Amino acid sequence: MKKKIGFWSIVLLAINSIIGSGIFLSPGAVVQSSGSKALILYGIAACFAAILAVTFAAAAKYVAHSGAAYIYAKAAFGEHVGFYVGITRYIATCIAWGVMATAVVKTVLRIFGFDQNDLMLVTISLILLMLSLLVINCFGPKFFELVNNLSTIGKLAALLVFIIFGIGVIATTGVNHFAQIDRLTSAGTNATLSTLVMGVIAAFYAFTGFESVASGADDMDKPEKNLPIAIPLAISVIAVVYIGVVWIAMMVNPQAMMATKEVVALVAVFNNPLIQNIVLYGALISMLGINVAASFHSPRVLEAIAKQGQLPSWLAGRTAKNFPLPAFLLTIALAVLLPMAFRYDMTSIIILSSISRFVQFLIIPLCVMKFFRGRGDRRLINPARPNVLTDMVCPAVSLILTVLLLIKFDWIGQFTILDANNQHAPNYFAIVAMILGYVVIPFGMMLFNYQTKKKRYEYD
């Protein structure tokens, strides 16, 4: 019998997939733009993330196979829509993993005084990181589960120490700089609805990652039962931790949080060397941990497509330790080569990852509402108990909120760059990456897949 990842490990995997470097490195960005309203914006962002998380959890209740957005779209709208969602999501996950791996490598190099712009050094470090993740996964799901659990506990422990120490400082010294925040930023007097909405969007991105948790559902114990509980629970834990960290930083030393030149911004909040080191190494564990989670999710998207017969069957192969080695090797190659191709300047292709999320946030609510009405591919859909709140109301609200995100998304900033005269000029790398990632590659693969099936049918 194959060993499966249990409920609490699924919760920790979800937390590990969401908490990355953002809360450690740049919590001051939201505060800078929204002032004393930052905690309210984090609360709103957490509610938005929770509604989307409930929607994805509802989808996992109906379809308990690996692939997440891919398999949900295939079950609801057929193999063509599913294949498009799956391939675009797979490309985006490779890019996102490459971005995260490059970020952790550059951050570690910078912290320890090495040149983060040395392409050879970055490349060697990136390859070593990927080889380490390969070794972790090669030992099978149970060893991965252990490493994932430890890295998640490590990052949570660092953030909880930050919160507890901050509460102690506030309680014993009476320190409270919260009232100074609006004087330190222009947000107190110049905040508009537009800037507050952008602040919510910035805070919301700190909660993304939950959409990937079900990618390896086949490796989880009772995914149809555990995922719908684990994903919202993880969001709840993260919301409490995030709001606690930002609140402490705003009370104790908001100016340091916003003005520091430290790589890990939270280090500047306290002068205590022990706490600074805990936060610093917690940030490193967090960045490594989210790469561990990505090494689990990303290959399983490709494997899931192959399992459904829409890619060559050899990509669905597994080792004796129940590890999808062929899919992992192809994914790891793309995750390394894509950043290298852009000389580790990811601003030109990060748009692919953002758009992939929007595609999922639009498609999955529609899938859930279709499942609720008893429609879709019955071969993939479980007999689940329908729920109006989670299967209709939450998906409808998710759609509305996603459309608002799309309207407020910085499209100009993503597809332009500032020239020497500080004027917007087309970012051709981003435009080409978008066309390749969302038109040429997926439709080319769909055509290839169609021709292959046609020849096989004619041969038979």
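Buried, in these legends, means under 20% relative accessible area. All of the views come from a predicted model.

**View 1. Helix 1 is mostly covered.** Of the twelve residues in this helix, eleven are buried. They are F7, S9, I10, V11, L12, L13, A14, I15, N16, S17 and I18. If you look for what covers these buried residues, you will find helix 8 (141-173), helix 12 (223-252) and helix 14 (273-307) among the elements involved. Helix 1 itself runs over residues 7-18 and reaches 17 Å from its first C-alpha to its last, close to the 16 Å expected at 1.5 Å a residue.

**View 2. T93 sits within helix 6.** This helix takes in residues 79-111, with T93 among them. Is T93 buried or exposed? Its relative accessible area is 11%, so T93 counts as buried, the cut-off being under 20%. A polar atom of the T93 side chain lies 2.6 Å from the backbone oxygen of Y90.

**View 3. Helix 7 and the residues at its two ends.** At the start of the helix, the backbone nitrogen of M120 has a side-chain oxygen of D118 within 3.1 Å. Just after helix 7, G140 takes a positive phi of about 100°. Between its end C-alpha atoms, helix 7 (residues 119-138) spans 28 Å; this agrees with expectation because 20 residues at 1.5 Å a residue should also give 28 Å. The buried residues of this helix are V122, T123, S125, L126, L129, M130, L133, L134, I136 and N137.

**View 4. F48 and F204 form a stacked pair.** The structure holds 15 aromatic pairs. In this one, the ring centres of F48 and F204 are 4.5 Å apart and the planes meet at 20°, so the pair is stacked. The two partners come from distant parts of the chain, 156 residues apart: F48 belongs to helix 4 (residues 38-62) and F204 to helix 11 (residues 193-204). Both F48 and F204 are buried.

**View 5. F165 and F270 form an edge-to-face pair**. Here the rings are 5.0 Å centre to centre, with 90° between the planes. This pair also links distant parts of the chain, with F165 in helix 8 and F270 in the loop between helix 13 (254-259) and helix 14, 105 residues apart.

Terms used. Residues numbered from 1 in each chain as written. Predicted model: local features only at pLDDT ≥ 70, side-chain atom pairs only at ≥ 80, totals over all residues. Heavy atoms only, no water. Helix = DSSP H or I, 4+ residues; strand = E, 2+ residues; numbered from the N terminus. Buried < 20%, exposed > 50% of the residue type's maximum accessible area, 1.4 Å probe, protein only. Polar contact = N/O pair within 3.5 Å; in protein donor to acceptor, adjacent residues only side chain to side chain. Expected span 1.5 Å × (residues − 1). Contact = heavy atoms within 4.5 Å. Phe/Tyr/Trp six-rings, centres within 6.5 Å; stacked < 30°, edge-to-face > 60°.
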